[in-house]
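This report is written to be read beside the sequence and the coordinates. Please keep both open while following the residues named in it.

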Amino acid sequence: TADQLERVTQELVPPPFVPKHEQVAKGKPKVVQVTLTVEEKQVELENGVKAWVSAFNGSVPGPLIVCHQHDYVELTLKNPKTNALAHNIDLHASTGALGGGELTLVSPGEEVTFRFKATKVGTFVYHCAPGGIMIPWHVAMGMAGAIMVLPRDGLKDGHGNPIRYDKAYYVGEQDFYVPTDKNGKYKEYSTVTGSMNDTLEVMKTLTPSHIVFNGAVGALTGKNAMTAKVGETVMFIHSQPNRDTRPHIIGGHGDYVWATGQFNDAPQTDLETWGIPGGCAGAAIYTFLQPGLYAYVNHNLIEAIMKGAAGHIKVDGE
Amino acid sequence: TADQLERVTQELVPPPFVPKHEQVAKGKPKVVQVTLTVEEKQVELENGVKAWVSAFNGSVPGPLIVCHQHDYVELTLKNPKTNALAHNIDLHASTGALGGGELTLVSPGEEVTFRFKATKVGTFVYHCAPGGIMIPWHVAMGMAGAIMVLPRDGLKDGHGNPIRYDKAYYVGEQDFYVPTDKNGKYKEYSTVTGSMNDTLEVMKTLTPSHIVFNGAVGALTGKNAMTAKVGETVMFIHSQPNRDTRPHIIGGHGDYVWATGQFNDAPQTDLETWGIPGGCAGAAIYTFLQPGLYAYVNHNLIEAIMKGAAGHIKVDGE
Amino acid sequence: TADQLERVTQELVPPPFVPKHEQVAKGKPKVVQVTLTVEEKQVELENGVKAWVSAFNGSVPGPLIVCHQHDYVELTLKNPKTNALAHNIDLHASTGALGGGELTLVSPGEEVTFRFKATKVGTFVYHCAPGGIMIPWHVAMGMAGAIMVLPRDGLKDGHGNPIRYDKAYYVGEQDFYVPTDKNGKYKEYSTVTGSMNDTLEVMKTLTPSHIVFNGAVGALTGKNAMTAKVGETVMFIHSQPNRDTRPHIIGGHGDYVWATGQFNDAPQTDLETWGIPGGCAGAAIYTFLQPGLYAYVNHNLIEAIMKGAAGHIKVDGE
Ligand SMILES: [Cu+2]
Ligand SMILES: [Cu+2]
Ligand SMILES: [Cu+2]
Ligand SMILES: [Cu+2]
Ligand SMILES: [Cu+2]
Ligand SMILES: [Cu+2]
Ligand code: NA
Ligand code: NA
Ligand code: NA
Ligand code: NA
Ligand code: NA
Ligand code: NA
Ligand SMILES: [Zn+2]
Ligand SMILES: [Zn+2]
Ligand SMILES: [Zn+2]
Ligand SMILES: [Zn+2]
Ligand SMILES: [Zn+2]
Ligand SMILES: [Zn+2]
Ligand SMILES: [Zn+2]
Ligand SMILES: [Zn+2]
Ligand SMILES: [Zn+2]
């Protein structure tokens, strides 16, 4: 069955970029092979503020995986022996076995390969879920990403008309909980395990110190801003593994929005802002009509400006 | 009119179980009689942490009431004289009179009977709402439940095809605000009124100490896990009287989801996670395809694992 | 083009009232002229608690603007020289130029006129967005309102049947972050700029001290309660520029609900509570069937009763 299908290796790319893919599937279902390697490392969340992350392929969020319905995804998860922690992967697109979490727990120095059939279309969160308190801690260390399962015949509006995009971006929103010392200064930790207890205490407050796109405050601005041309139709895939969010394009709209990412249901149209529940990846499509700088934000404006959940889209043309 | 209709007494059962009911109504509308008795008592939220609850029929959440559209619900609310507080009931399925709250306020030692017609279909929250500050306090003491008003001809998908379930569970999510002493240790109170002021102070922070399913951390795990068989279609009714929530079945999906519980609108399909606003009861249906242990969580994973909003579903079969 | 269209001046009114308007557009698209003057002033949020606001036309929320699709809105923004701060306006109904924010920044003593075409139907937030930290601060000072762009042929249900309302109210929900001193007493500030740093510190906690309708606790109760008659169909437009909210009519329902305000999509029906993401304005319609006092709340009952997000609707008739 799956063993007789064509096999393709998907080259994963760092977000906000998305892998090359067809919007309408060509031929029969395939086996899509991907590899994710876990990096435990310290990153700079904003000027002078460091945090430990556990990062699929080294990025927060992990890379977007793209396939079509009825494809199989064959995922290899590698946990280098230089890491300190055990990790696994739960993909919300998968069925049974805790979304894969049950089959993929790997200690440092191990790797595992796991295959599932993409039976449901949509955009879905994946994340590490190694059991108990490790689940929220690893996810709050940025260990989450998304997979997009496209309908074989591509996206459609509520009347069955095809919707196509010229380009796509993947924005992963992540809440961080950096501990502070008695003077309110953010603390640093020399090891990932050393950061755990203090971080858990902040997590209990349900109040993030940082909420960022693409792993750091300002990661999608300046020379790293997203880009588009006037007249281009852009898809924005947006995931948040924990907290509810509310994407908004300042100066733009969501022409078509699948807020929970379910492509088989009719998209909502012409939204100012769309609500994505925590633990969900959604998608929105916008055709840029005017040149200029747009901001892409979580429209809790405190979370956008004071916590970091904001990026830019530079739109060229006339 | 209502007096000429057949009368049936519904035997209410403790959640997560739901009363025996027909999915398609038989015959004419009925008068469905139910009785709710308020229990004020101390419960153990987790090991060594006690909280006062005001509980409809002694359970948090209160029992699920089930009827069909056009039925009348005749509800008797009993407030035993051993209680300290006045209580009432506001059912979101009811129309006028503050959802019944205006007609049902009973002091300890009193009871009241109230009848309303179930004109709107869906899953709805009910809760105590005895006026002013008593409203959030009683609700934050777990005094909330849900009523499901089924369409007379049963549930349908977006194309008008019938949807039937093999079993149903009712998961009531509840936020608790247990005060701590200066050392961060959870406090205990010898009387319900004694717990009020401190609890209100914690409530003002909008940050629960606990968010639980079925009244306690772990109440739906181990020997109290929900169960299903491979191939069974299970409905999960989920209510939260205060805070937004985002149910997710780890390893499963929402095949059909009415996130706000409105059965006359087309359900969303194949969701990873669904957002239920605070003050709402929603419903989701899933057909289990594989055996094993599934987790049913609020997918803010901090709320699930560190605050308690997680349960298990044990699925047998092959 | 726009210069050849009929010009009308819309008389804006303080919320919860809405400007006189046609539900079905008469004749061709028009240019709708409106003027917003910014008032910086101290207001009383509740007994003895003062806060600085920056208020469009002096009210929190700013007035509702109403037009039809394809109309142009010509907006004059006046910043009196008695003010201390620069302000602008970003209307989510507008396209490009940061929703107008880029074109409208005015220092004290200046005014600006800006015109945009209402290409998308729905209810939309507008707010001040003068850049950087000024954005969340001005919005958290109540500098937000809403615009309703009606379809030219009026509202419709999911089957294409017309929906008409007898009256409409605009409820603007606003989160405030009033600093406290070391004894927990709310602080007062003699200047708006003097209040900034402390207020930003509270904003970082993401925990409002107040969440109010119409600018103050109790502003929509008593002699200022909203009113209706039995049999009347009332539209409630509800905006929140920052935080998610969940409107609910105690004793009533949402017969038709556009939670994100998108009138071209089929409304949801018969809801108990509807979720509006932060940064969004939504709309709901209810026909009152019984006389009495109804409460209109954000159904996080702590936010409603302890933070202020509650109003009343007095319904006369039999
Ligand atoms: Cu991990
Ligand atoms: Cu998950
Ligand atoms: Cu009560
Ligand atoms: Cu209620
Ligand atoms: Cu301003
Ligand atoms: Cu905005
Ligand atoms: Na916008
Ligand atoms: Na999704
Ligand atoms: Na899952
Ligand atoms: Na409901
Ligand atoms: Na109600
Ligand atoms: Na809107
Ligand atoms: Zn297929
Ligand atoms: Zn998980
Ligand atoms: Zn459009
Ligand atoms: Zn009927
Ligand atoms: Zn109530
Ligand atoms: Zn399905
Ligand atoms: Zn038109
Ligand atoms: Zn803005
Ligand atoms: Zn109705």
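The text below treats the relation of the chains, their interfaces, the metal sites and some backbone details.

The structure is a predicted model, in which local features need pLDDT of at least 70, side-chain atom pairs count only at pLDDT 80 or more, and totals for chains, interfaces and linings use all residues. Residues are numbered from 1 along each chain as its sequence is written, chains are lettered from A and ligands numbered from 1 in the order in which they are written, and side-chain values use heavy atoms, with hydrogens and water left out.

## Relation of the chains

When copies are superposed by least squares on the C-alpha atoms of residues with pLDDT of at least 70 in both, chain C can be laid on chain B with an RMSD of 0.0 Å by a turn of 120 degrees and a shift of 0.0 Å along the axis. This is the relation of a three-fold axis. Only 6% of the interface residues of chain C are also interface residues in chain B, so the copies meet through different surfaces.

## The two interfaces

The table sets out the two interfaces, using contact (heavy atoms within 4.5 Å) and buried area, which is the accessible area (1.4 Å probe) that two parts lose on being put together, summed over both.

| Chains | Residues in contact | Buried area and its carbon and sulfur share |
|---|---|---|
| C and B | 32 residues of chain C, 39 residues of chain B | about 2,700 Å², 57% |
| A and B | 39 residues of chain A, 32 residues of chain B | about 2,800 Å², 57% |

Between chain A and chain B, the residues of chain A that lose the most area to chain B are A:T95, A:K120 and A:L206, which together make up 21% of what that side buries. A salt bridge is counted where a side-chain nitrogen of Lys or Arg lies within 4 Å of a carboxyl oxygen of Asp or Glu, and the count between chain A and chain B is 3 salt bridges. In one salt bridge, the side chains of A:D244 and B:R246 meet at 2.6 Å, N to O. A polar contact is a pair of N or O atoms within 3.5 Å; within protein, one must be able to donate a hydrogen and the other to accept it, and residues adjacent in sequence count only if both atoms are side-chain atoms. By that rule chain A and chain B share 20 residue pairs in polar contact, both residues being at pLDDT 80 or more.

Helices (H or I, at least four residues) and strands (E, at least two) are DSSP runs, numbered from the N terminus. The elements that give two or more residues to the side of chain A that touches chain B are β8 (122–127), α1 (134–140), α2 (196–204) and β19 (280–287) of chain A, and the largest share, 4 residues, comes from β8(A). In the classes used here, Ala, Val, Leu, Ile, Met, Phe, Trp, Tyr, Cys and Pro count as nonpolar, Asp, Glu, Lys and Arg as charged, and the others, Gly among them, as polar. That side of chain A has 17 nonpolar, 15 polar and 7 charged residues.

Turning to chain C and chain B, 32 residues of chain C are in contact with 39 residues of chain B, and C:E272, C:I302 and C:M306 supply 24% of the area that chain C buries against chain B, more than any other three residues. Across this interface of chain C and chain B the rule finds 3 salt bridges and 20 residue pairs in polar contact, both at pLDDT 80 or more. The elements that give two or more residues to the side of chain C that touches chain B are β16 (247–250), β18 (268–271), β20 (292–298) and α3 (301–305) of chain C, and the residues of that side divide into 13 nonpolar, 11 polar and 8 charged.

## Metal sites

Donors are N, O and S atoms within 2.8 Å of the metal (3.2 Å for Na, K and Ca), and water is not among the atoms, so sites may look incomplete. The copper ion (ligand 2) is coordinated by A:H92 (NE2), A:H127 (NE2) and B:H299 (NE2), at 1.9 to 2.0 Å.

## Backbone details

Most residues other than glycine have a negative phi, and most peptide bonds are trans. A cis peptide bond joins A:V60 and A:P61, with omega about 0 degrees, and A:P61 is placed in the loop between β3 (49–56) and β4 (65–68) of chain A. C:H70, which is not a glycine, has a positive phi of about 80 degrees.
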